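Hi,

Here is the structure I promised to pass on. Have a look at it first, and then read my notes below.

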Amino acid sequence: MGRLQLDLGSSAHAGDLSARAGFPLSHRGGEPIPEPGFVADEALTRPLGALAGVALSVDAADRSIAYWMLNGVRAPSLAIAPSALRYELTGFSGAQPGDELPKSLGHVHATPHGAVHGYPEIVEVLHGRIAFMIFDLRASARGAIGERAWIVVGDPGDAIVLPPDLHHLTVVADHGPAVFADVIDRGATGDYAQLRAAGGGPYLARPSGALEANPRWAQHPHLDLLTAAEWNGVAPLDRPLGRTLADAPGTLAWLSDPDRFAARFPALAARISRA
């Protein structure tokens, strides 16, 4: 792999995200703040110390907030009907885990009992520049190994499709807070154990934007750096993600039926099948 570098953004700290989200939404230092009267099924925080197993130099006792999560969001201006899908918001404070750019734990969606594939997901960048690292992972006697990895970079307004059966983690490729939305089936569960056992993703993003091989991996997958449009192949949305779930939920039905993924995104399915 030739040396790859993330082109870092420099987003302003402006708090109003309403135009991008399609409903009244702001953030305070990365913490998502929907309009008054919103409800969420879950409101969670992830401290920096939780990243100790997937970052090289983090104090497990550090309780500084790395990111916030609001799962199953509904709001007065976002009338999402009860369904198998839920709308989620994740916001990053900008706090760095050691000598790395801000990132999430990462996971793969577990395959439900009796199913062939896990669930796909769709994310939408609302603030900041965010890179999604997507990769295969297998355990071996030598340690973690992989064949292919992609880093898909999104700016505000970009939607990115996360395919079934591949691991993914989020990296904030910016010098400030970042916020993204996602929609996923309520039946999806994240398997964090495999990536924690691997010691994090196959590549580390340094504060300079430099991408370096994670020394904890035994075999590093080939890495490609792509824009959201290059990755998706076809545009996944024609309006903000929250508005899509509220106003045209049928267009997101493929999220609940992984077997329909290849038909909805044929170029992307072909790309990952060659991995």
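This is a predicted model: local features need pLDDT of at least 70, side-chain atom pairs count only at pLDDT 80 or more; totals for chains, interfaces and linings use all residues.

A word on terms before the findings: a residue is called buried under 20% relative accessible area, exposed over 50%, and partly exposed in between, with a 1.4 Å probe and protein chains only. By that rule, 53% of the 275 residues of the protein chain count as buried.

Residues are numbered from 1 along each chain as its sequence is written, and side-chain values use heavy atoms, with hydrogens and water left out.

**The chain as a whole**

The protein chain has six helices and 19 strands; these are DSSP runs numbered from the N terminus, with helices being H or I of at least four residues and strands being E of at least two. Its C-alpha trace spans about 50 × 40 × 30 Å along the principal axes.

Contact here means heavy atoms within 4.5 Å. Among contacts between residues at least 6 apart in sequence, 75% join residues at least 24 apart. The chain exposes about 11000 Å², and carbon and sulfur atoms supply 52% of that area. Accessible areas come from the Shrake-Rupley method with a 1.4 Å probe, and for residues only the protein chains shown count as cover.

**The cores**

A nonpolar core is a set of buried Ala, Val, Leu, Ile, Met, Phe, Trp, Tyr and Cys residues joined through side-chain atoms within 4.5 Å. Which members of the largest one touch the most other members? They are Tyr87, Val183, Trp231 and Leu252, out of 55 residues. Strand β14 (residues 178-185) gives this core its largest share, five residues. There is also a second, separate core of 22 residues, which includes Phe135, Ala144, Leu169 and Trp217.

Ala144 lies in strand β10 (residues 143-145) and is buried, at 8% relative accessible area. Leaving aside neighbours within four places in sequence, Ala144 is in contact with Leu137, Arg138, Ala198, Trp217, Ala218 and Gln219. Its C-alpha is 9.1 Å from that of Gln194, 50 residues away in sequence.

Gly154 sits in strand β11 (residues 148-154) and is buried, with a relative accessible area of 0%. Beyond its neighbours within four places in sequence, Gly154 is in contact with Val125, Gly128, Arg129, Ile130 and Ile160. From Gly154 to Thr227 the C-alpha distance is 6.6 Å, across 73 residues of sequence.

Asp165 is in the loop between β12 (159-162) and β13 (167-172), and at 34% relative accessibility it counts as partly exposed. Its phi is near 75°, a positive value in a residue other than glycine. Most residues other than glycine have a negative phi.

Is Arg274 buried or exposed? Arg274, in the segment after α6 (266-273), is exposed, with a relative accessible area of 60%. The C-alpha atoms of Arg274 and Arg148 are separated by 9.0 Å, and the two residues are 126 apart along the chain.

Happy browsing!
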